[in-house]
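Subject: Structure handover

Hello,

Here is the structure we talked about passing on. Please read the notes below alongside it.

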Amino acid sequence: MAITVLVSGAKGRMGQEVVRAVNDAHGIEVVGLVDIGDDLARAIATTKPQVMVDFTVPDAAMGNIRTALAHRVAPVVGTTGISAADREEVEALCQNNSTPCLIAPNFALGAVLMMRFAKEAAQYFPDAEVIEMHHEKKLDAPSGTAALTAEMIAQGRMDAKPIELPAGAFEKIPGSRGGKAAGDVPVHSVRLPGFVASQMVIFGGPGQTLTIRHDSIDRASFMPGVIHAIRRIVSLEGSGKLIYGLENLL
Ligand SMILES: NC(=O)c1ccc[n+]([C@@H]2O[C@H](COP(=O)([O-])OP(=O)(O)OC[C@H]3O[C@@H](n4cnc5c(N)ncnc54)[C@H](O)[C@@H]3O)[C@@H](O)[C@H]2O)c1
């Protein structure tokens, strides 16, 4: 029996790519497509999917997740900008509905490895900054990947402490030192035409720097991760767990 999938945000850049990838994948089929203005609850009731893949906008994603979980449909969510407080709500909804959910800020395997390597490096190089670069149409900043990378750097430092800037250091232009993410890791967001999704994590130590860089140059880079997530989330049916980050499903 094929795994049945409803794609939310089906007319968007990522949504269209997901529809193509699912149609090409063995043992998975698209049974429903929704976009802005469509009634998700009704689409779920008529198409009865096992999984909802959501690539929409930050304002819409939480409502879609609530609706899917209320119908015991497992959400696989790529939409970024979902806050830690939102994730707490999703975790409770997963438990209450005995339905799993995956929220992954980045489905590209290379990006998942970049974050893993960054966590490992942070133990030896606690001083790190993140520069993320995305296309000019991206709504949220910093990217979900940058926020998660900062969390992983903060965890990876263990007892190693980052340096403190000299007393009296100041910004001549507000924001020039970037925004502070988890662990006070500075994050700089670049928005320019030409990028899909790129990120550099720069570590500094006495007399040396280490740069880890990942580039998604095509949205196809995200699709193996999405297909893997669809297959794995179905195997967790009934578990009521929220999984945050594709690395926890590999
Ligand atoms: N996790 C990842 O690997 C990854 C990769 C790329 C993009 N993203 C994220 O995916 C999201 C979508 O990106 P995109 O480039 O496809 O954007 P997009 O603007 O091309 O597409 C978004 C789509 O969502 C639709 N939409 C808006 N409100 C909706 C609603 N209430 N219900 C259903 N559909 C609705 C829009 O009409 C549009 O078709 C963004 O949050 C982006 O940051 C995540």
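The ligand comes first. A backbone N or O atom of P105 sits 3.1 Å from a nitrogen atom of the ligand. Please keep in mind that this is a predicted model. I36 also places a backbone N or O atom by a ligand nitrogen, at 3.3 Å. For F107, a polar backbone atom is 2.8 Å from an oxygen atom of the ligand. F107 is also among the closest residues to the ligand, together with R13, M14, D35 and T80. In total, 22 residues surround the ligand.

Next, the helix packing, taken pair by pair.

Helix α2 covers residues 40-47, and its axis comes within 10 Å of that of α3, with a crossing angle of roughly 35°. The crossing of this pair, α2 and α3, is right-handed. On the α2 side the contact uses L40, A41 and I44, and on the α3 side N64, T67 and A68. Sorted by class, the residues of this α2 and α3 contact are four nonpolar and two polar, with no charged ones.

Helix α3 (residues 58-70) also packs on helix α4 (residues 84-97), at an angle of about 10° and with the axes 9 Å apart. Angles under 35 degrees count as roughly parallel, so α3 is roughly parallel to α4. From α3, the residues in contact are M62, I65, R66, L69 and A70; from α4, they are D86, E89, V90, L93, C94 and N97. The contact of α3 with α4 holds seven nonpolar residues, one polar residue and three charged residues.

α5 passes α6 in a right-handed crossing. M114, M115, R116, A118, K119 and A122 make the contact from α5, while α6 contributes T145, L148, T149, M152, I153, Q155 and G156.

Two backbone details are left. Most residues other than glycine have a negative phi, and most peptide bonds are trans. Against that background, K48 has a positive phi of about 50° although it is not a glycine. K48 is placed in the loop between α2 and β3, the strand at 51-54. The other detail is a cis peptide bond joining A141 and P142, with omega at about -5°. P142 belongs to the loop between β6 (128-134) and α6.

Regards

Key: Residues numbered from 1 in each chain as written. Predicted model: local features only at pLDDT ≥ 70, side-chain atom pairs only at ≥ 80, totals over all residues. Heavy atoms only, no water. Left-handed = near helix turned anticlockwise from the far one by under 90°. Helix = DSSP H or I, 4+ residues; strand = E, 2+ residues; numbered from the N terminus. Contact = heavy atoms within 4.5 Å. Near = heavy atom within 4 Å. Polar contact = N/O pair within 3.5 Å; in protein donor to acceptor, adjacent residues only side chain to side chain. Axes fitted to C-alpha atoms, helices over the stretch in contact; angles between N-to-C directions. Parallel < 35°, antiparallel > 145°, perpendicular 65-115°, else oblique. Nonpolar A, V, L, I, M, F, W, Y, C, P; charged D, E, K, R; others polar.
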